[in-house]
Amino acid sequence: MQMESRVTEEGIDTSILVQPKKSKEIFIKKMMTQKALIAMSFPFLIWLFIFKYIPLWGWSIAFQDFKPAKSLLDQEWIGLEHFKFLFTDPNFYRVLRNTLGMSTINLVLGFVTAIGLALLLNEIRHAKFKKLVQTISYMPHFISWVVAASIISYSLSLDNGIVNIVLLKLGIVDEPILWLGKETWFWGINGVSDIWKNVGWNTIIYLAAITMIDPEQYEAADIDGATRLQRIRYITLPSLKPTIIILMIMNLGYILESGFEAQYLLGNPLNLAYSENLDIYVLKYGISLGNFSLATAAGIFKTVVSFIFLFTANHIAKRFDQPRLF
Amino acid sequence: MFKSKIFMVLLMFVLLVSVAGCTKDESSSGKASKSGDSKEPVTFSYYNAASPGKDMNTNETVIGKELEKQTGVNFKVEYAVGDINTKIGTMIASGKYPDLLVPDAALPKVLDAGAFIELNDLIDKHAPNIKKLYGPYLNRMKDKDGKIFFIPMEASQGFIANPNIDQGAFWVQRAVLKEAGYPKIKTLDEYFKLIEDYQKKHPEVEGKSTIGFTALTYDWRFFALSNTPNHLAGYPNDGGVQVDMKTHEAKVYGNNDDTKRYLKELNELNSKGLFDKEAFVGNYDEYLAKLTSGRVLGFFDYGWQIGQAEDNLKNAGVDDKRYMALPITFDENTKDQYLDPPSFVSNRGVGITVSAKDPVRIIKYLDNMVKEENQKLILWGIKGETYEVNDEGRFHRTEEQIAKTSDEKFREDFGSKIYEWGWPRGNGLYADGNAWEPRRQAEVAQMSYTDGDKKLLEAYGVQVFSDLFAKPEDRPWYPAWSVQLEEGSKEQIFSQRQTDLQKKYYPKLVLAKPSEFESIWTEYKKEYNALDVKVYEETMTKEIKKLIDLAK
C-alpha cells in the first residue's frame with residue numbers, strides 16, 4: 001500500500017517539475033520555501049544510505065571464496081568463479097526457466113484478476129454484500145503460506161481432496177487425478193494458488209484509484225445514455241491506466257521474484273523439475289552448503305536482471321508517451 | 001517556532017540512533033572469576049540447536065538443582081526456534097555467542113567462524129572424567145592440527161542394542177503377520193508377497209483403499225528412500241556409500257545394481273497397484289497421518305521418524321494396526337546390518353564459545369556431570385522414585401515409574417528433557433553392567449511391552465524386538481555420514497547434486513510403465529556418472545581410512 005501511494009505522489013511531483021521555467025533562482029527559492037520538507041526527508045535519506053547503499057559493499061564477497069571467520073582483507077579473491085559455476089550448471093537454466101515462467105503467469109493472471117474483481121466490486125451497489133465479498137477475498141492474504149500450502153495440497157489430494165471429489169461426482173474424470181504429481185501442471189497450480197491468496201488484496205489499490213475518478217464523468221455518461229459496460233470501458237478503465245502502467249513497470253522489476261514459500265512447500269520429488277525456482281536453488285547450493293559467495297553471486301544476477309527489466313519497461317512507457325516511474 | 005520544531009525532530013532522531021547504537025548486550029554473563037574451584041553461584045548461558053524445547057533455568061529442575069549444589073553453576077537454557085542456520089548465522093554475524101553452544105548441523109559454520117575455544121588444555125587440567133569417558137575417542141575429536149574444539153555428543157562404553165528398533169527396518173502391519181500365522185520373513189520378495197496376499201483379501205480399510213507399501217520422500221527425509229538399497233544389500237546406514245569390509249574402499253551405490261534392483265521391485269509393485277501413488281507428493285505430516293490411519297501395510301523407515309505414529313496407535317490401543325520391524329535383505333544369505341554398530345558421531349557436539357568469560361568453571365561443570373553417579377541421576381533418575389534396584393544390582397522400573405518418566409511434564413520438571421541430550425554423556429553400559437540409558441535396559445523394555453507386543457515376541461521366540469536382527473559387525477569408521485565434508489567443496493556439491501538427481505529420477509523410475517524402466521535407468525545412470533563421483537569416493541575412502549587408523 002505504502003509503496004503504491006508513494007508512486008502516485010511521485011507522479012504528481014514529476015508533473016510539477018516538468019514546468020518549463022527552470023532557472024537557478026527559482027530552484028533556490030523553491031528550496032527555501034520547502035526547507036522544512038527537505039529537512040524532514042533527511043533522516044530517510046540517511047536511512048536509505050545506511051541500509052540500502054552501504055550493504056552493497058557486501059557484493060564483494062561474490063568474487064571471493066568467502067569464509068566468515070576471516071577478516072575482509074584475508075579473504076581469497078577468486079574472480080568470477082562463482083558466476084562460472086552458476087552459468088555452467090544446467091540446473092541453473094532450468095530454475096531460471098521455472099522462475100520466469102511462474103512469475104510471468106503470476107504477473108499476467110494477477111493483473112487481469114485484480115482489475116477484473118475491482119471493476120466488478122465497484123459496480124456492486126449493495127454495500128453489505130460488497131463488504132462481505134471484499135472480506136472473503138482478502139482473508140487468504142492473511143494466512144501464512146505454510147497453512148495455505150497445507151490447505152492446497154489437501155484439497156488436491158487423491159482420496160479426500162475436494163477437487164477430485166467434485167470432478168468425480170460431476171463425471172468429468174473417471175479416476176482421481178494426482179494434481180501435484182503432474183510436473184507440467186505445477187506452474188498453473190502455483191498461479192491459481194497465488195491468485196486465490198492475493199486477488200482480494202491486490203484489488204485495494206485499484207479500488208482506491210477508482211474512488212478518485214470524478215463522479216461527474218459518470219453522471220455525464222448517464223445523461224448521454226451510456227450502459228454499465230460502456231461506462232467501464234470508456235471511463236473507469238482509461239482512468240485506471242496510469243495506475244496499471246506504473247504497477248506493471250514496478251512488477252516487471254520483480255520478474256525474478258516468483259515467490260519462495262509456495263514453491264518450497266508445494267514442491268515434491270515428482271514436480272521438482274518444474275517447481276524449483278531461483279530462490280530454492282540459492283538456498284540449496286548457497287546458504288545450506290555455507291557457500292555465501294554463491295548466494296551473493298545469484299543475488300547480483302537477480303538485481304542486474306531486475307534493473308534491465310525495470311529500465312526497459314520504463315523506456316517503452318516513455319516512448320509511447322505513457323505515465324512512467326521516472 | 002517552526003525552526004525549533006525541526007530541531008526537535010532532528011534531535012529526537014539523533015538521540016534514537018545513538019541510543020540504539022549504544023545498547024550493548026548486557027546478557028553475556030558469568031563473572032570473570034578466574035578461580036575455577038569456587039562454588040559461588042553463577043549463571044551461564046546455553047543454546048541448543050539440536051532440539052526444540054522450553055527455555056528455562058537448569059536450577060528449576062531436580063537434576064539441575066542437584067548439579068548446582070555440587071558446582072554452584074546454573075545455566076540459562078535456550079532452544080532452537082525455526083531454522084538453525086539462520087540463528088547460528090546471526091550469532092556469527094554479531095560475534096555474540098552463548099557461553100555453551102550446541103550448534104547441531106551448523107557446527108562447521110561455527111568452527112569456520114572460529115567461535116569455539118580450544119579445549120585441549122582445559123580437558124587436560126580440569127576434566128579427568130571427560131578424559132576417561134571420551135578416552136578411546138580423544139584422537140577422533142582432534143582436528144588436523146591436533147586441537148579439540150568441541151566435545152561430541154556421546155561416547156559409547158561397550159555395546160548394547162536398543163531392545164526396540166529406533167533405526168532402519170522394513171515395517172509391516174501386525175494384522176498382516178497375524179493373518180499369515182507369524183511367518184519368518186527374510187527376503188524382500190517374501191515381504192512383498194506377504195503384503196500382496198493380504199491386500200488381495202482386504203482391499204479396503206474403513207471404506208478407504210488399503211495401501212500396500214509407502215515411502216517417506218519429503219524434503220531432507222528423502223534419504224529414507226535413497227538409503228534403502230544399502231540396507232537390503234546388508235550394509236548399515238553409512239550415508240551415501242557402501243564401505244568394503246576388507247579393502248575399506250568407499251563406493252557410492254546410487255548408480256549400482258542394488259539401487260536398480262530395489263527400484264525395479266518398487267516399479268513392479270506399482271504396476272500391481274500396491275505402491276502408494278501419493279508417496280512422492282505427501283509431506284511428513286501426511287505420511288504420519290497415513291501410517292496412523294491403519295491403511296498402510298508396509299514401508300521402510302527409521303524408527304525415530306515414525307515415533308509419533310507408533311505412539312498414537314499404541315495409546316489408542318489398536319494393536320493390530322501397529323507395526324513390527326523386520327530385518328529384510330535382498331537374499332536369504334545376506335547378513336542384515338540394520339542395527340547401529342557402536343558408533344562415534346564426530347560431527348555433532350557441544351563447545352565453549354569465545355564469549356564465555358569463565359571456561360574453567362564450565363568445563364568443570366561438564367566434567368562433573370559425566371561422573372557415573374551423575375549420569376545415572378540424569379538418565380535413570382533417583383532410586384526409589386524413578387527406578388528400582390534388585391538384589392543382583394540390576395536396575396529396573398515399575399509400571400508406574402515407566403508411566404511417570406514418560407510423561408512430558410514430569411520430564412520437563414525433573415530435567416530429563418534438558419539433560420538427556422546436548423551435554424557430554426556416555427552410552428552403552430555402566431561399570432556395573434546396567435544399561436547407560438533406561439530404554440536400552442531389557443528389564444525396562446519388557447516391562448513397557450503391551451499384551452500385543454508380548455504375543456508377537458512369543459510367536460517369534462525372542463525376548464526383545466532387536467533380537468530378530470543380526471549383531472552389528474565391527475566398523476570402526478561408523479557412521480560414514482558423520483564425515484565432515486568441507487563447506488562448498490566439490491564433494492559437498494556432489495552430495496547435493498546426487499540428491500537432486502535422485503529426487504528427480506526415483507519417482508519416474510518407480511511410477512513408469514515396467515517396459516520403460518530400463519531406458520529411464522540408463523538415462524539416470526548417464527547423468528549420475530557425469531557428476532563428480534570419483535572425487536567424492538576418493539575423499540570418503542581417505543577419511544574412512546583415517547578414522548580406522550585413529551581407532552587403532
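Leaving aside neighbours within four places in sequence, which residues is Arg94(A) in contact with? Arg94(A) touches Leu272(A), Ala273(A) and Glu276(A). A caution before going on: this is a predicted model.

Stay with Arg94(A) for a moment. Arg94(A) lies in helix H5 of chain A, which covers residues 90-123. Is Arg94(A) buried or exposed? Buried: its relative accessibility is 13%, and the cut-off for buried is under 20%.

Now compare another helix residue of chain A. Val147(A) sits in helix H7, residues 145-155. Val147(A) has a relative accessible area of 43%, so the residue counts as partly exposed. Asn251(A) is 104 residues from Val147(A) along the chain, and their C-alpha atoms are 26 Å apart.

Next, a helix pair in chain A. Helix H11 spans residues 228-253, and helix H15 spans residues 292-319. Their axes come within 7 Å and cross at roughly 155°. H11(A) is therefore roughly antiparallel to H15(A), because angles over 145 degrees count that way. Who makes the contact? From H11(A) come Ile245(A), Ile249(A), Met250(A), Leu252(A) and Gly253(A). From H15(A) come Ser306(A), Phe309(A), Leu310(A), Ala313(A), Asn314(A) and Ala317(A). By class, this contact of H11(A) with H15(A) has 8 nonpolar residues, 3 polar and no charged.

On to chain B. The domain assignment gives two entries here. Domain 1 is 42-159 + 345-440, and domain 2 is 168-341 + 451-551. How far apart are the centres of domain 1 and domain 2 of chain B? The separation is 31 Å, taken over C-alpha atoms. At the contact, 9 residues of domain 1 of chain B meet 13 residues of domain 2 of chain B.

Let me turn to a sheet in chain B. The sheet is open, with 4 strands in the order S10-S13-S7-S14 and mixed pairing. S10(B), residues 211-215, and S14(B), residues 323-326, are the edge strands, each pairing on one side only. From one strand to the next, the twist averages 25°.

Now strand by strand. S10(B) pairs with S13(B), residues 296-302, in the parallel sense over 4 bridges. In that pairing, Ala215(B) stands opposite Phe300(B). S7(B) runs antiparallel to S13(B), joined by 5 bridges. S7(B) also runs antiparallel to S14(B), with 4 bridges. Look at Trp171(B). Trp171(B) stands opposite Phe299(B) in S13(B) and opposite Ala325(B) in S14(B).

Why is S7(B), residues 168-173, described as largely enclosed by the rest of the structure? Because 6 of its 6 residues are buried. In a regular strand, side chains alternate between the two faces of the sheet. Here both faces are covered. Gly168(B), Phe170(B) and Val172(B) are buried on one side, and Ala169(B), Trp171(B) and Gln173(B) are buried on the other.

Last stop, a helix pair in chain B. H22(B), residues 490-511, and H23(B), residues 517-529, have axes that come within 11 Å and cross at roughly 170°. That angle makes H22(B) roughly antiparallel to H23(B). The H22(B) side of the contact includes Phe494(B), Leu501(B), Tyr505(B) and Leu509(B). On the H23(B) side, among them are Phe517(B), Ile520(B), Trp521(B) and Tyr524(B). The residues of this contact of H22(B) with H23(B) divide into 10 nonpolar, 2 polar and 4 charged.

Conventions
Residues are numbered from 1 along each chain as its sequence is written. Chains are lettered from A and ligands numbered from 1 in the order in which they are written. This is a predicted model: local features need pLDDT of at least 70, side-chain atom pairs count only at pLDDT 80 or more; totals for chains, interfaces and linings use all residues. Side-chain values use heavy atoms; hydrogens and water are left out. Helices (H or I, at least four residues) and strands (E, at least two) are DSSP runs, numbered from the N terminus. Buried means under 20% relative accessible area, exposed over 50%, partly exposed in between (1.4 Å probe, protein chains only). Two strands pair if DSSP finds at least two bridges between them. Axes are lines fitted to C-alpha atoms, for helices over the stretch in contact, and angles run from 0 to 180 degrees between N-to-C directions. Angles under 35 degrees count as roughly parallel, over 145 as roughly antiparallel, 65 to 115 as roughly perpendicular and the rest as oblique. Contact means heavy atoms within 4.5 Å. Ala, Val, Leu, Ile, Met, Phe, Trp, Tyr, Cys and Pro count as nonpolar, Asp, Glu, Lys and Arg as charged, and the others, Gly among them, as polar. Domain bounds come from an automatic or database domain assignment.
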